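Biologist: I would like to go through this model term by term. Please set each value against its cut-off before you conclude anything.

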Amino acid sequence: EGRIPYDFVVNDSFIHENIINDLMQVNFLIMDGECLTTANTLVKNKIKEYSNHYKYNTRKAAISLEEQLQVISDPACMRIETIICKINVLTYFQKNAEVLPLLNFYMHKLWKERQYTLFLRYIDRAYTVIDEKDNQSILKLTISALNTWVIKKQSNASEADHLFLRFEITLQRLKNKEKTFYQMVYDYFLSKRYFKNCSFKDSLKITEKYYLSYIRGEIKDEEQWIDRICNVFALSVKELEGNEAALKIFQELMIKNEDSFYFKWEYLSHRQCMNFYENPKESLHDINLILKMFKDVNSSTYPLPYHEYVDKAVSAFCAKEYENTVIYANDAITILESNGIIPSLGRAYNVRGCAQVCLGDIASAEASLKEACFIMDETRYDLFGWRGSLNLIQLEVYYPSKDFTIAALQQLLNKTYQKFYNIYADKLAVISKKEDFIKTREYFALLMFGHLSKLLKINLTENILHTLLPDRYAEFYLMQLKQMNDKRIKHTAF
């Protein structure tokens, strides 16, 4: 890994401290906690090549390290750097029985400290030391890993593919009641992956049967997996049928079990989202209730309310408190970066960029919105990614920079509209039948797509009218498009 505890270097007579100082002077080595770490990727690759080509020398070094590490056996008495080194050495010697308790100790510590990215690095290592026939250990590890991807908002990451496969294979070896329980857990993770990919019909299909069984009192689960899978059902309804339909589901779940942490959390989160535009102060009130819930429980059992940290900035933006928006967004960025919750980081940069436009700081806004789009594209956060792209297009149309040509903006607008269409076509077919449709965010997005396409001289309006809007809205929609000549992004941000 290109890291070595500093104490090992000090005790090695072959390594002169002047050499270390010289290497640190040119940033070839850096101090990382209690370790010396090479900052050069090429060197890390060479270390791996060396261990493959000079196996005898590598083994001698491993034996020497093992002798030094034998002094302390209790992981609670070791420094973290020593634990990491001992895990690597014991894994090298395939001493699975000895490395497993160390891995358990260290990974539990990482999880408790919410160092999720580092925790995931050790998952594959843990699989190598677990007996392949030990179903419970494999399931426990796989569930921990998938749950971490869910917390990181990346259950659709390609790195999680092998975890789903392991889960499926292990499920086939289970029987009866045990299999039924773990099938529900697996279906929860699968539904989260479908939801993250905006395949809402698939997530609905998986979760609906569990929701109905729970409402009928047929399922009891002390570990709250049923609570989580019912929440996915409600959120799927939201993305297919709208906020009011989802609210009824959440209210029903709260009546069923008002003490459920997960039900209360998602119910308040949904309610505050519904109040963003018309009652942002009420939205902020519900967000603060959620934050208090997590403060009161104070347990690593539950992830932090990462989504709501960003929502706090959104509520301030909707209240036109732009300076507070920037403050809340910066707070969210700090928390999200330190916990490795990268997709939500894109949301935070997006709302900060919108507020910076309203404050007249166009250069900072452009940087924030570009970062938002890059992050959400890279992490495939399509449900929110189209919003960042639409905001960036508006900014570049109204405040042109040298970074985008007209052709590039046209291409980006077409790409963003296609994403929006793929996500919301089914939902629009339902909510466009309701009386308050023209007050929804989705309708307003259609206005912005039409407006921007007119400014960029491409024709999206015809497609919108023929595929997404019922005929009865056509005249009203075209009239509103003609009236849209206000170039201030503060009235048109997502």
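Modeller: Buried means under 20% relative accessible area, exposed means over 50%, and partly exposed is in between, with a 1.4 Å probe and protein chains only. By that rule Phe420 is buried, and so is Phe449. This is a predicted model, in which local features need pLDDT of at least 70 and side-chain atom pairs count only at pLDDT 80 or more, while totals for chains, interfaces and linings use all residues. Residues are numbered from 1 along each chain as its sequence is written, and side-chain values use heavy atoms, with hydrogens and water left out.

Biologist: What does the secondary structure of the protein chain come to?

Modeller: The protein chain has 25 helices and three strands. Helices (H or I, at least four residues) and strands (E, at least two) are DSSP runs, numbered from the N terminus. Of its 494 residues, 50% count as buried.

Biologist: Why is the pair of Phe420 and Phe449 called tilted?

Modeller: Rings of Phe, Tyr and Trp (its six-membered ring) pair if their centres lie within 6.5 Å; planes under 30 degrees apart count as stacked, over 60 as edge-to-face and the rest as tilted. The centres of the Phe420 and Phe449 rings are 5.2 Å apart and the planes stand at 55 degrees, so the pair is tilted. Phe420 belongs to helix α22 (residues 406–431) and Phe449 to helix α23 (residues 441–455), so the pair ties together parts that are 29 residues apart in sequence.

Biologist: What makes the pair of Tyr443 and Tyr477 edge-to-face?

Modeller: The ring centres of Tyr443 and Tyr477 are 6.2 Å apart with the planes at 75 degrees, so this pair is edge-to-face. Tyr443 lies in helix α23 and Tyr477 in helix α25, so parts 34 residues apart in sequence are tied together by the pair. Tyr443 counts as buried because its relative accessibility is 1%, and Tyr477 counts as buried because its value is 0%.

Biologist: How many aromatic pairs does the structure hold, and which residues do ring pairs link into a cluster?

Modeller: The structure holds 32 aromatic pairs. One cluster linked by ring pairs consists of Trp386, Tyr417, Phe420, Tyr421, Tyr424 and Phe449.

Biologist: What makes a set of residues a nonpolar core, and how many residues does the largest one have?

Modeller: A nonpolar core is a set of buried Ala, Val, Leu, Ile, Met, Phe, Trp, Tyr and Cys residues joined through side-chain atoms within 4.5 Å. The largest has 145 residues, and Phe167, Phe189 and Phe449 have the most contacts inside it. Helix α13 (residues 225–241) gives the most to this core, with ten residues. Apart from it lies another core of six residues, among them Val357, Leu369, Leu392 and Leu395.

Biologist: Which residues does Phe167 touch, not counting residues up to four places away in sequence?

Modeller: Contact means heavy atoms within 4.5 Å. With that exclusion in sequence, Phe167 touches Leu139, Thr142, Ile143, Leu146, Tyr182, Val185, Tyr186 and Phe189.

Biologist: How do you know whether Asp286 is buried or exposed?

Modeller: Asp286 has a relative accessible area of 0%, therefore it is buried. Asp286 sits in helix α16 (residues 280–297). Not counting residues up to four places away in sequence, Asp286 touches Leu268, Arg271, Gln272 and Asn275. Ser283 lies in helix α16 too, and Ser283 is buried because its relative accessible area is 0%.

Biologist: Why is Phe476 called partly exposed?

Modeller: Phe476 has 31% relative accessibility, so it counts as partly exposed. Phe476 is found in helix α25 (residues 474–483).

Biologist: What sets Arg380 and Lys457 apart as regards phi?

Modeller: Most residues other than glycine have a negative phi. Arg380 is not a glycine, yet its phi is positive, at about 55 degrees. Lys457, another residue other than glycine, has a positive phi near 60 degrees. Arg380 lies in the loop between α20 (362–378) and α21 (382–398), and Lys457 in the loop between α23 and α24 (461–467).

Biologist: How do their accessibility classes follow?

Modeller: Arg380 is partly exposed because its relative accessible area is 39%. Lys457 is exposed because its value is 71%.
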